[in-house]
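Visitor: Could we go through this structure together? I would like to begin with the aromatic rings.

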Amino acid sequence: MMKSIVWDFDDTIANGYPGIVSATQRSLRENFDISLSKDTIFKESKKTSVRQFVTELLKDQEDLKQAVDLFYSVYHRYEKEYHDKITLVPHIKNVLKYCDEKHYMQFIVTHRDQSIYDLAKSLGIEHYFKEIISVENGYKRKPNPEMLEYLIEKYGLSKDDLWVVGDREIDVKFGKGVGAHTILLNDQEVDFDYENRVSDLLEIEKII
C-alpha cells in the first residue's frame with residue numbers, strides 16, 4: 001500500500017505561532033481587558049488549542065458564544081498582519097520533497113481558516129499536497145478524527161500506512177483516533193503518551 005502523511009500546519013510546517021500568540025494577546029486585552037504574557041498564551045494554546053484556551057478563559061462571560069465570536073473577529077484581523085512574516089520550519093522542504101519522491105500521498109489538516117490556501121501557495125509548498133483541509137470546511141476540530149476519516153474514505157488510505165505529524169497532544173490523539181501512526185515534533189519532554197517524537201523534521205525520514 002502507498003504510505004500517506006497528514007501534516008499539521010502551525011509549528012509543524014511553518015512558524016505561525018508568533019502571529020497567533022500576538023493576535024490572541026491583543027484581542028483578549030482589547031475586548032476583555034485580560035492581560036497575559038506571550039509565554040503564557042503560547043504554553044496554554046500548545047496544550048490544546050487557542051479556541052479551547054480562550055473558551056476556558058471566557059467561560060464566565062454572560063454569552064460565551066458571543067464572547068468567543070468577538071474574540072475571533074479581532075483575532076483574525078491581527079493574525080493576518082503576520083502572514084508575510086510566516087516562515088517554513090527548518091528542513092521541512094527537504095522532507096516534503098523526500099516524501100514526494102517516494103510517492104507518499106501528503107495532506108495538510110489544520111485549525112486555520114481559509115487563509116491556509118494562500119499561505120501554502122506563498123510559501124511555495126502547495127504542490128506537495130493532494131489536499132489541504134481547514135476546519136472552516138465544516139469539519140469537527142481535532143482531536144475528533146472526522147477530518148482523517150474523510151481522507152481515509154476519499155482516497156482509500158490504509159490506516160497501517162497512514163502517519164499523522166504534529167506538534168501537540170491533540171495531533172497525537174487525532175491520529176490515534178483512527179489507529180494511524182503518529183509523530184510528535186517537539187524538542188521538549190512532554191507529559192502525555194506518544195508513539196514517535198522528533199526534535200528535527202529530518203528524523204522523520206528514518207521513521208516512515
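Visitor: How many aromatic pairs does a search of the whole structure find?
Guide: The search finds 6 aromatic pairs. Rings of Phe, Tyr and Trp (its six-membered ring) pair if their centres lie within 6.5 Å; planes under 30 degrees apart count as stacked, over 60 as edge-to-face and the rest as tilted. This is a predicted model, in which local features need pLDDT of at least 70 and side-chain atom pairs count only at pLDDT 80 or more, while totals for chains, interfaces and linings use all residues. Residues are numbered from 1 along each chain as its sequence is written, and side-chain values use heavy atoms, with hydrogens and water left out.

Visitor: What about Phe-71 and Tyr-75: how are the rings arranged?
Guide: The ring centres of Phe-71 and Tyr-75 are 5.5 Å apart and the planes are at 25 degrees, so the pair is stacked.

Visitor: Where do Phe-71 and Tyr-75 lie?
Guide: Both belong to helix α4 (residues 64-80), 4 residues apart, which is about one turn of the helix. Helices (H or I, at least four residues) and strands (E, at least two) are DSSP runs, numbered from the N terminus.

Visitor: Are Phe-71 and Tyr-75 buried or exposed?
Guide: Both Phe-71 and Tyr-75 are buried. Buried means under 20% relative accessible area, exposed over 50%, and partly exposed in between (1.4 Å probe, protein chains only).

Visitor: And Tyr-139 with Tyr-150: what kind of pair is that?
Guide: The centres of the Tyr-139 and Tyr-150 rings are 5.3 Å apart and their planes are at 40 degrees, so this pair is tilted. Tyr-139 is in the loop between β3 and α7 (146-155), whereas Tyr-150 is in helix α7, 11 residues apart. Tyr-139 counts as partly exposed at 22% relative accessibility, and Tyr-150 counts as partly exposed at 25%.

Visitor: Changing topic: which residues of helix α6 are buried?
Guide: In α6 (residues 115-122), the buried residues are Ser-115, Ile-116, Leu-119 and Ala-120. Seen down the axis of α6, they fall within an arc of 135 degrees, so they line one face of the helix. The arc is that of the directions from the helix axis to the C-beta atoms.

Visitor: What does the face turned away carry?
Guide: That face of α6 carries the exposed residues Asp-118, Lys-121 and Ser-122.

Visitor: Then what covers the buried residues of α6?
Guide: The cover includes β2 (105-110) and β3 (131-134), where contact means heavy atoms within 4.5 Å.

Visitor: What comes just after α6?
Guide: Gly-124 is found there, with a positive phi of about 70 degrees.
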